[in-house]
2 protein chains.
Amino acid sequence: MTTKHRTNAAVLFHALSDQTRVALIEKLKDGEQCVCELTDALHTGQSRLSFHLKVLKEAELIHDRREGRWVYYALNREALADLEDFVRELKDAAGRTVSSKRCE
Amino acid sequence: MTTKHRTNAAVLFHALSDQTRVALIEKLKDGEQCVCELTDALHTGQSRLSFHLKVLKEAELIHDRREGRWVYYALNREALADLEDFVRELKDAAGRTVSSKRCE
DNA sequence: ACAATACATCAACATTTATTGATTAGTCAA
DNA sequence: TTGACTAATCAATAAATGTTGATGTATTGT
């Protein structure tokens, strides 16, 4: 894995490293939603959510779409598929354990 | 998903939200290794690595084992499996897109 | 054009996280 | 027991992130 790939992985993980952002993407599992719905669901301030949505968007985990006064956010399948692949490779490697080399 | 689960997910993701820690777990795909090997591989200071190993360990993504003067670290399959499940559920939800509700 | 709505952005500040060098603790071998 | 070696921890500091309230921007209805 290249440095670039590691950087990308770290960026994706970082985007999910906060409870509020995890709550946001969990909410988006129900499908595309506007900011007002998300704000209601999370009982929190608008600028705070806007900040976290931006982090998720910059990591390309979600995308947005304006329709009239509303902006709708939704999950990005591709980034999530990449992330799943990354984690599965780690898990599989953890299965192939062992070796038990020694330092001397 | 409960608040506790979201917290756990955020903790796991946080542990992987740093390039150095991603590099560490990538290295551990090759199997159990002592700190000295990891330090050599990453060309970095010992206390710095110790810090990052602790973050990964507290998230239970890795575990350690002392043998003589050396401490060996290895991946924890269980946490990685949990993480994979979490991400897969997100990805699957992203597939079931749509709805296109409107705010009025 | 004006007011209202939905959302983004900004600046100031608070909190969290990371880095560095020094010290401490555990293990071993002489 | 002394000294060398491996690694963890600590304290000081630096850097990155998150929160809040205020302001700015785009869009709509009147």
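Trainee: Which residues come nearest to DNA strand D?

Mentor: A:His52, B:Cys36, B:Gln46, B:Ser50 and B:Tyr73 come nearest, out of 21 residues around DNA strand D. A residue is near a strand if one of its heavy atoms lies within 4 Å of it. Of the atoms of DNA strand D that come within 4 Å of the protein, sugar and phosphate account for 72%. Before we go on, this is a predicted model, where local features need pLDDT of at least 70, side-chain atom pairs count only at pLDDT 80 or more, and totals for chains, interfaces and linings use all residues. Residues are numbered from 1 along each chain as its sequence is written, chains are lettered from A and ligands numbered from 1 in the order in which they are written, and side-chain values use heavy atoms, with hydrogens and water left out.

Trainee: Which residues are closest to DNA strand C?

Mentor: They are A:Cys36, A:Gln46, A:Ser50, A:Tyr73 and B:His52, and 20 residues surround DNA strand C. Sugar and phosphate account for 69% of the atoms of DNA strand C that come within 4 Å of the protein. A backbone N or O atom of A:Cys36 lies 2.8 Å from a phosphate oxygen of DNA strand C, while a side-chain N or O atom of A:Ser50 is 2.7 Å from a phosphate oxygen of DNA strand C.

Trainee: Why is the pair A:Cys34 and A:Cys36 called a disulfide?

Mentor: A disulfide is a pair of cysteine sulfur atoms within 2.5 Å. The S to S distance for A:Cys34 and A:Cys36 is 2.4 Å, so the pair meets that rule. The torsion about their S-S bond is about -65 degrees, so the disulfide is left-handed. A search of the whole structure finds two disulfides over all chains.

Trainee: How do you know that B:Glu84 and A:Lys91 form a salt bridge?

Mentor: The rule asks for a side-chain nitrogen of Lys or Arg within 4 Å of a carboxyl oxygen of Asp or Glu. In this pair the closest N and O atoms are 2.7 Å apart, so the pair passes. Across the interface of chain B and chain A the rule finds six salt bridges, and over all chains the count comes to 20. B:Glu84 lies in helix H5 of chain B and A:Lys91 in helix H5 (residues 77-95) of chain A, so the pair joins two chains. Helices (H or I, at least four residues) are DSSP runs, numbered from the N terminus.

Trainee: How many residues of each chain are in contact?

Mentor: 50 residues of chain B are in contact with 50 residues of chain A, where contact means heavy atoms within 4.5 Å. The area buried between the two chains is about 4400 Å², of which carbon and sulfur atoms give 64%. Buried area is the accessible area (1.4 Å probe) that two parts lose on being put together, summed over both. In chain B, B:Glu84, B:Leu90 and B:Cys103 lose the most area to chain A, together 14% of what that side buries.

How values were computed. Polar contact = N/O pair within 3.5 Å; in protein donor to acceptor, adjacent residues only side chain to side chain.
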